[in-house]
Amino acid sequence: MEGSSNVHSQKRQRTENETRMGKLLDLDVLDCPVCFEPLTIPTFQCDDGHLVCRFCIVKVSNKCPGPACNLPIGNNQCSAIERILNSVFVLCRNADLGCKERFSYGQVSSHEKEECNFSLCSCPKLECKYTGSYNSIYDHFIGSHINNMSMKFIFCFVLGDFAIDAKINIDDKNLVIWEPMEKLFFVVQCFRERLGVYVTVRSISQSTTPELRKFSYSLSYSVDGHTLTYESPEVKKLLDVSSHSPEESFMFVPNSLFRGEMFEMKVGIKKLNQE
Ligand SMILES: [Zn+2]
Ligand SMILES: [Zn+2]
Ligand SMILES: [Zn+2]
Ligand SMILES: [Zn+2]
């Protein structure tokens with residue numbers, strides 16, 4: 001404590017004339033080299049100073065992804081870059097569409113993906129690049145993908161509590177479930193990580209659309225007489241199908257209970273009581 005206050009008192013006091021704005025010419029230096037998303041706090045570094053974001057630590061199995069580097073990574077946070085992340089401010093990507101918000105760079109993705117009223121949704125089909133308003137996404141998906149996509153990867157339901165038997169090939173990662181009356185999309189996502197498979201359900205919509213109902217989901221997976229079940233809190237609304245393993249609200253199936261590439265489970269979707 002003593003030491004840190006000493007350092008503080010030695011900090012150069014900038015006079016008003018000395019306070020200057022800087023410009024970072026290339027924001028890419030603040031992106032994770034694995035997922036290319038903005039680094040967030042915590043950001044980790046190896047002993048050679050290569051960086052990786054907290055979401056990708058698991059993906060790289062704690063081995064540094066830096067060029068020709070295989071050092072362990074994940075124990076040391078990079079406080080220098082974290083201070084920069086907190087001090088670089090950017091405008092929301094939707095500034096042209098009318099959003100007036102500005103954020104520290106490390107927070108911009110969560111705003112743009114979850115909170116911004118001006119953000120567009122992405123088509124839930126993984127390879128498709130279409131983006132649009134929440135309603136246009138639905139029409140696009142039905143118009144462009146339903147006939148082309150094998151029906152075994154897509155389910156349709158009509159609102160009301162329901163459960164389906166879902167089969168996902170673990171390499172397909174996503175199963176899209178849609179509801180035609182209120183035009184809702186739910187995406188069941190599987191992520192294979194080192195110790196097992198994470199399964200989660202997310203809904204594709206603008207979290208700020210007030211008229212949308214709230215849902216929860218349940219998952220149930222049985223193998224060799226073992227049954228795992230999971231009951232979620234409110235389903236997370238996202239603008240696009242995330243490529244990150246979930247940090248909250250998921251069912252974890254350890255490798256010891258995983259058989260083959262086909263993953264079969266029961267998925268239930270339930271309306272939450274709303275005031
Ligand atoms: Zn990353
Ligand atoms: Zn490294
Ligand atoms: Zn915004
Ligand atoms: Zn599409």
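1. In strand β12 (residues 196–204), Val199 is the bridge partner of Cys190. Strands β11 and β12 pair in the antiparallel sense over 7 bridges, where two strands count as paired if DSSP finds at least two bridges between them. A hairpin of 3 residues joins β11 to β12. Helices (H or I, at least four residues) and strands (E, at least two) are DSSP runs, numbered from the N terminus.

2. The model is predicted: local features need pLDDT of at least 70, side-chain atom pairs count only at pLDDT 80 or more, and totals for chains, interfaces and linings use all residues. Residues are numbered from 1 along each chain as its sequence is written, while chains are lettered from A and ligands numbered from 1 in the order in which they are written.

3. The protein has 5 helices and 17 strands. Buried residues make up 24% of its 275 residues. A residue is buried if 20 or more other C-beta atoms lie within 10 Å of its own, exposed if 12 or fewer, and partly exposed in between, with C-beta atoms placed from the backbone. Among contacts between residues at least 6 apart in sequence, 50% join residues at least 24 apart; a contact requires C-beta atoms, placed from the backbone, within 7 Å.

4. Strand β11 (residues 184–192) has 8 of its 9 residues buried, so it is largely enclosed by the rest of the structure. Strand β10 (residues 174–179) runs antiparallel to β11 and is joined to it by 6 bridges, with Ile177 opposite Phe186. These two strands form a hairpin with 4 residues between them, and Lys183 in the turn has a positive phi of about 55 degrees.

5. Glu182 also lies in the loop between β10 and β11. This residue is exposed, because 11 other C-beta atoms lie within 10 Å. The C-alpha atoms of Glu182 and Asn135 are separated by 9.7 Å, although the residues are 47 apart along the chain.

6. Asn135 belongs, with Asp139 and Gly143, to the exposed residues on the face of α5 turned away from its buried side. The buried residues in helix α5 (residues 134–144) include Tyr134, Ile137, Tyr138 and Phe141. They cover an arc of only 100 degrees around the axis, which puts them on the same side of α5; the arc is that of the directions from the helix axis to the C-beta atoms. The buried residues of α5 pack against β6 (121–122), β7 (131–132) and β12.

7. The largest nonpolar core has 33 residues, and Phe186, Val188 and Val267 have the most contacts inside it. Such a core is a set of buried Ala, Val, Leu, Ile, Met, Phe, Trp, Tyr and Cys residues joined through C-beta atoms within 7 Å. Among the elements that each supply at least two residues of this core are α5, β9 (162–169), β13 (215–223) and β17 (262–271). Strand β11 gives the most, with 7 residues. Leaving aside neighbours within four places in sequence, Phe186 is in contact with Ile177, Val201, Ser203, Val235 and Ile269.

8. A second, separate core of 13 residues includes Phe44, Val52, Cys53 and Leu85. Phe44 stands opposite Gln77 in β3, and strand β1 (residues 43–45) pairs with β3 in the antiparallel sense over 2 bridges. An open sheet of 3 strands has the order β2-β1-β3, with antiparallel pairing. Its edge strands are β2 (51–53) and β3 (76–77), each of which pairs on one side only.

Note on methods
Two residues are in contact if their C-beta atoms, placed from the backbone, lie within 7 Å.
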